[in-house]
Amino acid sequence: MYTAENWPIACKMNFGSRAEDGSPIGTAPVSTWEEQLTQVAELGFTEIDPMDDWVPIAELSAERFEEFRGLLDKLGLRVTAISIGRNSVVDRENGTRNLGTVHALIDRAAELGASIVNIGFQQALTEPQKRATWFWLADGHHDDPALRPLAVERVRELGDHARQLGLEISLEMYEDTYLGTAEDAVSFLKDVDHASVGLNPDIGNLIRLHRPMVKGEAMYEQVLPYSNYWHIKNYLRDEDPATGAYFSAPAPLEYGVIDYRSVIRRALRLGYSGPFMTEHYGSDWLGVGAVNARYIREVLRGARTLIESRTDEPQEADRELSSIVG
């Protein structure tokens with residue numbers, strides 16, 4: 001069981017998929033990777049999540065993969081989890097290929113010492129999303145209900161592979177997918193019914209949307225009992241019932257619409273023991289991520305007795321829930 005001091009809090013490598021000269025970051029010189037990873041280490045991170053929108057770990061040659069591992073060792077960085085995005089295993093054109101990619105990533109994750117592989121059902125950005133100020137402000141992919149049984153089957157298959165290597169799969173919540181609401185995410189997970197598969201309660205993906213939305217804390221209450229990895233981020237959010245206008249923008253954890261001090265404490269009461277990954281869009285994403293990591297660590301220190309006791313007395317938990325969801 002982790003302590004407040006050693007709880008893994010990973011940095012999402014948001015440097016992008018291209019080097020400065022425009023070439024793919026996966027084929028860039030090791031010195032390019034080192035320059036980026038050094039920035040991360042200098043800000044105090046000891047863990048990273050090398051999501052595939054940065055270096056595509058599953059696609060690296062054996063030689064390049066060893067270079068990547070050696071660089072992590074050199075800089076004292078660890079991989080606590082690896083995420084893969086927009087590679088849905090039920091994509092109508094590329095689902096089978098994507099399934100193979102995730103299997104390859106599970107093998108690589110085990111070699112890197114990770115404990116989690118995070119997947120979702122997001123698909124490629126639409127043209128309107130690419131043109132939008134923030135991609136989530138334009139309509140994107142909607143999952144086909146007819147493919148849901150296949151999605152369940154393929155996630156079970158990935159769960160079997162992960163279990164064989166001592167890993168877990170985490171399913172990322174994302175709008176208009178099979179995991180697009182708290183209720184849908186729990187329902188899908190229960191249909192998968194696999195001991196090595198849990199949820200990534202990425203509620204930030206939902207509260208930023210310009211549409212009616214359940215309060216973030218209330219959604220967390222539904223999904224935290226099933227969560228094993230956490231992409232954690234916050235947003236400002238406002239809506240005007242008189243005009244139907246919405247506003248949202250990324251914000252540090254401490255300042256957004258969700259009260260993460262209460263939510264993290266509630267997660268601990270419910271038994272959450274997985275890693276965190278700080279995620280932020282726009283501005284100095286790396287600097288904000290480092291601030292967020294320090295904030296999480298501060299909240300964990302304040303909840304030290306919860307971490308050490310791991311008890312959840314019903315009456316006390318009910319009182320805290322009332323204060324969170326009103």
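Asp193 counts as exposed, at 66% relative accessibility, where exposed means over 50% relative accessible area, buried under 20% and partly exposed in between (1.4 Å probe, protein chains only). This residue lies in the loop between α6 and β7 (197–200); helices (H or I, at least four residues) and strands (E, at least two) are DSSP runs, numbered from the N terminus. Although Asp193 is not a glycine, its phi is positive, near 50 degrees. The model is predicted, so local features need pLDDT of at least 70 and side-chain atom pairs count only at pLDDT 80 or more, while totals for chains, interfaces and linings use all residues. Residues are numbered from 1 along each chain as its sequence is written, and side-chain values use heavy atoms, with hydrogens and water left out.

A positive phi, of about 55 degrees, is also found at Arg86, again not a glycine. Arg86 sits in the loop between β4 (81–83) and α3, and with 29% relative accessibility it counts as partly exposed.

Ile9, in strand β1 (residues 9–12), is buried, at 2% relative accessibility. Leaving aside residues up to four places away in sequence, Ile9 touches Phe45, Glu47, Phe276, Thr278, Ala293, Ile296 and Arg297, where contact means heavy atoms within 4.5 Å. Along the chain, Ile9 and His231 are 222 residues apart, yet their C-alpha atoms are separated by 9.9 Å.

The interior comes next. A nonpolar core is a set of buried Ala, Val, Leu, Ile, Met, Phe, Trp, Tyr and Cys residues joined through side-chain atoms within 4.5 Å. The largest one has 92 residues, and those with the most contacts inside it are Ile48, Leu171, Phe188, Trp230, Tyr260 and Phe276. Helix α10 (residues 285–302) supplies the largest share of this core, eight residues. Apart from it lies another core, of five residues, including Ala10, Ala81, Ile116 and Met277. Among the partners of Tyr260, not counting residues up to four places away in sequence, are Tyr220, Trp230 and Tyr295.

Helix packing can be followed pair by pair. Helix α5 (residues 148–164) packs against helix α6 (residues 182–192) at an angle of about 60 degrees, with the axes 9 Å apart; axes are lines fitted to C-alpha atoms, for helices over the stretch in contact, and angles run from 0 to 180 degrees between N-to-C directions. That makes α5 oblique to α6, because angles under 35 degrees count as roughly parallel, over 145 as roughly antiparallel, 65 to 115 as roughly perpendicular and the rest as oblique. In this contact, Arg148, Ala151, Val152, Val155 and Arg156 of α5 meet Ser187, Phe188, Asp191 and Val192 of α6. By class, there are five nonpolar, one polar and three charged residues; Ala, Val, Leu, Ile, Met, Phe, Trp, Tyr, Cys and Pro count as nonpolar, Asp, Glu, Lys and Arg as charged, and the others, Gly among them, as polar.

Helix α2 (residues 62–75) packs with helix α3 (residues 95–112) at about 35 degrees, their axes 11 Å apart. Here Ala62, Phe65, Phe68, Arg69 and Leu72 in α2 meet Arg108, Glu111 and Leu112 in α3. Helix α1 (residues 30–42) and α2 pack at about 30 degrees, with axes 10 Å apart. Among the residues in contact are Trp33 and Leu37 in α1 and Phe68 and Leu72 in α2.
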